[in-house]
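I set out to record what I looked up in this structure. The entries follow in the order in which I took up each topic.

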Amino acid sequence: MKQKLLVFFILAIISAGLGAAVYFFNDPVITSLFYTSLVLTVTYFIFSVIISMFLVKRITDLKTRYTANKVISILSIILIIAICLRIWVTDTSSLIVSYGIIGAGLAFALQDVFKNFVGGILIMLTSIYRVGDRISINEKFGDVMDIGVMNTTLMEIRGWVSGDQPSGRLLMIPNGLVINNPLYNYTRDHSFIWDEISIPLTYTSDWRLAKDLILGIVIKETASITKQADAEIERIGEKYYLPKKVVEPS
């Protein structure tokens, strides 16, 4: 809180200094700089101090609070860019042309950046995955630790480690991957997935007896989990078209 207030006071002092310079020099460039700094100060005060510190801070759910902070930061950036363009380009027709030229140039030169930015907005608006979800995309696996404007940070699983164990590496993936790549979410709406265990037997083994013994053990050990899985499948059947599935070990 102290750091945000300090940043606000610094921006306010800069705006006051530029306002004094406008009073003494009355230069168009200094005037534009003054209005730009004023926009930064007011926007920072509204979004980072009032909304973020006094409204978002009251949200008790950590994931919801995190998402709200991210959305607020994106909206403040968009607002600052739009108003600053209006300050520096005064002619309306020139402003429209400027928007078009700047947009086309940036779209070509920074297409990957825009794709990641759009992907970040898409992730936050649709909740295709959230912090804490386990996902797989573009043959990368991990648990979501942070969703940024441009990138998503994962705690990598697998890698050189056998099984679904963390490798210890942080994996940064660009948000633009969600636009044109299939995404696998292990935990959204349903927290169970099928797994397979291979049991090697000799050619002379009694495979029928082995099957009965192993299934008996597995069914006993997974009885409570099977009930939870069945309840979850029944619940998501209300949201999606999902025929009745067998969840018992087989």
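**Entry 1: conventions.** I took buried to mean under 20% relative accessible area and exposed to mean over 50%, with partly exposed in between (1.4 Å probe, protein chains only). The model is predicted, and I therefore noted that local features need pLDDT of at least 70, that side-chain atom pairs count only at pLDDT 80 or more, and that totals for chains, interfaces and linings use all residues. Residues are numbered from 1 along each chain as its sequence is written, and side-chain values use heavy atoms, with hydrogens and water left out.

**Entry 2: salt bridges.** I applied the rule that a side-chain nitrogen of Lys or Arg must be within 4 Å of a carboxyl oxygen of Asp or Glu. How many salt bridges does this rule give? The count is three.

I began with Asp164 and Arg158, whose side chains meet at 2.8 Å, N to O. Asp164 is partly exposed because its relative accessibility is 32%. Arg158 has a relative accessible area of 29%, so this residue is partly exposed too.

I then looked up Arg169 and Glu156, which form a salt bridge at 2.7 Å, N to O. For elements I used DSSP runs numbered from the N terminus: helices are H or I of at least four residues, and strands are E of at least two. Is Glu156 buried or exposed? Glu156 counts as buried because its relative accessibility is 9%. Arg169, at 39%, counts as partly exposed.

The remaining entry under this heading is Asp143 with Arg134, where the closest N and O atoms are 2.7 Å apart. Arg134 is partly exposed, at 21% relative accessibility.

**Entry 3: strand pairing around β1.** I treated two strands as paired if DSSP finds at least two bridges between them. Strand β1 (134-137) runs antiparallel to β2 and is joined to it by four bridges. Strand β2 covers 140-147. Which residue of β2 stands opposite Arg134? I found Asp143 there, and these two residues also form the salt bridge noted above.

Strand β1 is also joined to strand β5 (residues 183-185), by three bridges and again antiparallel. Here Ile135 stands opposite Asn185 of β5.

**Entry 4: positive phi values.** Where does Asn138 lie? Asn138 is in the loop between β1 and β2; the hairpin of these strands has two residues between them. Phi of Asn138 is positive, about 55°, although the residue is not a glycine. Asn138 is partly exposed, with a relative accessibility of 44%.

I noted Ser127 as well, a residue other than glycine with a positive phi near 55°. Ser127 is found in the loop between α5 (111-126) and β1.

**Entry 5: aromatic rings.** I paired rings of Phe, Tyr and Trp (its six-membered ring) if their centres lie within 6.5 Å; planes under 30 degrees apart count as stacked, over 60 as edge-to-face and the rest as tilted. The structure holds three aromatic pairs. One of them is Phe8 with Phe9, which is tilted, at 5.6 Å centre to centre and 55° between the planes. Phe8 is buried, at 17% relative accessibility, whereas Phe9 is partly exposed, at 49%. In the pair of Phe34 and Tyr35 the centres are 5.4 Å apart and the planes are at 50°, so this pair is tilted. Phe34 counts as buried, at 19%, and Tyr35 as partly exposed, at 42%. Phe8, Phe9 and Phe45 form one aromatic cluster.

I also checked for a charge over a ring (NZ of Lys or CZ of Arg within 6 Å of the ring centre and within 35 degrees of the ring normal). The charged end of Arg158 sits over the ring of Phe141, 4.1 Å from its centre.

**Entry 6: nonpolar surface.** I built patches from residues with over 30% relative accessible area and no salt bridge, joining like charges within 9 Å and nonpolar side chains (Val, Leu, Ile, Met, Phe, Trp, Tyr) within 5 Å. Accessible areas come from the Shrake-Rupley method with a 1.4 Å probe; for residues, only the protein chains shown count as cover. I recorded a nonpolar patch of about 870 Å², with Trp207, Leu209 and Leu213 among its residues. Leu209 lies in helix α7 (residues 207-221) and is partly exposed, at 46% relative accessibility.
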